[in-house]
Amino acid sequence: MFATGGMHRTRRAAALLAVTAVGLAGCQYADDVGPEPAAASPSARSHPPRAPLPTRDPQVVAAEDRNLLELSTVLDGRAEDFLFGGSGGIGETPGAGFATSGPVRKAGQYKVTAACVGAPDAHLSVTQGARGGGSLLERSIDCGTLTEALVDLEPGTVSAHLIRFGDGVPRPGTGAVAGIRISFTGPGT
């Protein structure tokens, strides 16, 4: 026994087994104990329950769905070199609107196509951060018709907004919607 490490090796092995046994003695296994009880998080105990979110008027939701279908026919057609776009509600109050943004990788001329349905009119605005946040396009549009405009864009982020101004008086929900598409047309001017 002394030739292969002697008593030192035997003592180390015994100490290692003792430490392992003590460590395993404190372990519990799910199979032995059963399911663990769910622990309440500290934040759940310190905050009162949240109020439920308000539900949307089903008639406004139905009107918005119909208006989105009509908007898709107004914006129909596949844009070549489509960059980005989107559609959504433009709100039930003046100043509410729809916005979308995306990256421009190549400088050039881009076509902005916009439309709205369910409101009398809206205001279109296109801005680009690479130009100091300045507006590249501002235009009032009549809802139900397609509006197209050309803008020169540089690499960076571009944002497009359709907003309702109104007379400052909140109206019942109309389900008004708007859509915007931006596509590359060629080298800039």
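1. Y110 is buried, with a relative accessible area of 3%. The structure is a predicted model, and the values below should be read as computed from it. The residue belongs to strand β3, which covers residues 108-117.

2. The ring of Y110 has a partner in F184: the two form an edge-to-face aromatic pair, 5.1 Å centre to centre and with 70° between the planes. An angle over 60 degrees counts as edge-to-face, so the 70° found here puts the pair in that class. A search of the whole structure finds one aromatic pair, and Y110 with F184 is that pair.

3. F184 is also buried, at a relative accessible area of 17%. The cut-off for buried is under 20%, so F184 with its 17% falls within it. F184 lies in strand β8, residues 177-186.

4. Because Y110 sits in β3 and F184 in β8, their contact ties together parts of the chain that are 74 residues apart in sequence.

5. F184 has a further contact, this one with a charge. The charged end of K106 sits over the ring of F184, at 4.2 Å from the ring centre. The ring of F184 is thus involved both in the edge-to-face pair with Y110 and in the contact with K106.

6. β3 and β8 run antiparallel and are joined by nine bridges. Within this pairing, C116 has A178 in β8 as its bridge partner.

7. β3 and β8 belong to an open sheet of four strands, ordered β1-β8-β3-β6 with antiparallel pairing. Its edge strands are β1 (82-89) and β6 (147-153), each of which pairs on one side only. From one strand to the next, the twist in this sheet averages 20°.

8. There is another open sheet of four strands, with the order β2-β7-β4-β5 and antiparallel pairing. Here the edges are formed by β2 (97-104) and β5 (135-142), and each pairs on one side only. The twist of this sheet averages 15° from one strand to the next.

9. Strand β4, residues 121-128, runs antiparallel to β5, and seven bridges join the two. S125 stands opposite E138 in β5. As an edge strand, β5 pairs on one side only, and in the strand order its neighbour is β4.

Note on methods:
Residues numbered from 1 in each chain as written. Predicted model: local features only at pLDDT ≥ 70, side-chain atom pairs only at ≥ 80, totals over all residues. Heavy atoms only, no water. Pairing = 2+ DSSP bridges. Axes fitted to C-alpha atoms, helices over the stretch in contact; angles between N-to-C directions. Phe/Tyr/Trp six-rings, centres within 6.5 Å; stacked < 30°, edge-to-face > 60°. Buried < 20%, exposed > 50% of the residue type's maximum accessible area, 1.4 Å probe, protein only. Lys NZ or Arg CZ within 6 Å of the ring centre and 35° of its normal.
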